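Please take a look at the fold below, and then we can walk through its strands, rings and helices together.

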Amino acid sequence: MQQQPILIQGAMPVEVAALREALEGREDQTLHGFSFSTGTVESHPLVVSETQIGTLNAALSTAVGIGAYAPRAVINQGLAGAHVEELAVGDLVVGTATVALHGMQSPARAAGEGCAPFDWVFDPRSVPIPSDEALLRHFAQVPWPHGRAVAGVLGSGDLFSREIDRIRWMQEKKGELCEEMESVGTYECCRRFGVPCIGVRVISNNELTGEPFTDLVAGDLQRWLLGQIACL
């Protein structure tokens, strides 16, 4: 009986390029507007999914991927901006859970009373979605050779935060270590389909310490993940 594949996601081409290049017997498909590449790594089946940017695209592409390939696990990976000063570019965050950073309600204000975002409240239904326990145990103990590795909550939403006070406010409310735009869509879809899921992110920038954005670290994460396919 053929082994079910692992499905690994990245939102942008740079976040899946090394994964695609590593596939043996690679075949590319476009399903419902989303790009997938299938093949094997050391004889183990792998599906690489370019989800496109954003939580909605992540959820849609995950549903398409689950329906088409019936993966035994989904790994959402890629770049993320740090939300704590202790994380530097190149560090790794293994997601214990993901939590939505959007979905808010503002207090009523009449015309001319302005806008006060720090008075907004997060949707109380927005609670952390945990990672698969077995996947978390595995990835939390694999050495990361490119910097510091920590386990913690991923913050996910359709935003790119560059205001330091706003970043600190979100981190105080939600406890996330970093910010990206896809994992919450992937986790919610996997939760409903009953597919094990985890998010793993490499830090690409830190507004709190002034480290600028770079996508050069994306390949390091992909190659690290490729080394784990046979162990999952």
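Which residue lies over the face of F122? K174 does, at 4.7 Å from the ring centre; a charge counts as sitting over a ring if NZ of Lys or CZ of Arg is within 6 Å of the ring centre and within 35 degrees of the ring normal.

## About the model

This is a predicted model, in which local features need pLDDT of at least 70 and side-chain atom pairs count only at pLDDT 80 or more, while totals for chains, interfaces and linings use all residues. Residues are numbered from 1 along each chain as its sequence is written, and side-chain values use heavy atoms, with hydrogens and water left out.

## The aromatic cluster

The structure holds five aromatic pairs, where rings of Phe, Tyr and Trp (its six-membered ring) pair if their centres lie within 6.5 Å, and planes under 30 degrees apart are called stacked, over 60 edge-to-face and the rest tilted. In one of these pairs, F118 and W169 have ring centres 5.9 Å apart and planes at 40°, so the pair is tilted. F118 sits in the loop between strand 7 (104-105) and strand 8 (121-122) and W169 in helix 4 (residues 164-174), so the pair ties together parts 51 residues apart in sequence. Helices (H or I, at least four residues) and strands (E, at least two) are DSSP runs, numbered from the N terminus.

F118 is partly exposed, with a relative accessible area of 46%, while W169 is buried at 9%. Here buried means under 20% relative accessible area, exposed over 50% and partly exposed in between (1.4 Å probe, protein chains only). The rings of F122 and W169 have their centres 5.5 Å apart and their planes at 20°, so this pair is stacked. F122 belongs to strand 8 and W169 to helix 4, 47 residues apart, and both F122 and W169 are buried. Together, F118, F122 and W169 form one aromatic cluster.

## The strands

Strand 5 (residues 73-82) has ten of its ten residues buried, so it is largely enclosed by the rest of the structure. Strand 5 runs parallel to strand 1, joined by four bridges, with L7 opposite V74; two strands pair if DSSP finds at least two bridges between them. Eight bridges link strand 5 to strand 12 (residues 197-205) in the parallel sense, and L79 stands opposite V202 there. With strand 11 (residues 178-180), strand 5 pairs in the antiparallel sense over two bridges, where G81 faces E179.

Strand 4 (residues 44-50) has six of its seven residues buried. Strand 4 pairs with strand 1 (residues 6-10) in the parallel sense over five bridges, and V47 is the bridge partner of L7. Strand 3 (residues 34-41) and strand 4 pair in the antiparallel sense over seven bridges, with T40 opposite P45. In their hairpin, which has two residues between the strands, E42 takes a positive phi near 50°.

## The helices

The axes of helix 2 (residues 55-69) and helix 5 (residues 183-193) come within 7 Å and cross at roughly 35°. Axes are lines fitted to C-alpha atoms, for helices over the stretch in contact, with angles from 0 to 180 degrees between N-to-C directions. Residues in the contact (heavy atoms within 4.5 Å) include A58, T62 and I66 of helix 2 and G185, C189 and F193 of helix 5.

Helix 6 (residues 218-226) is mostly covered, with seven of its nine residues buried. Among them are L221, W224 and L225.
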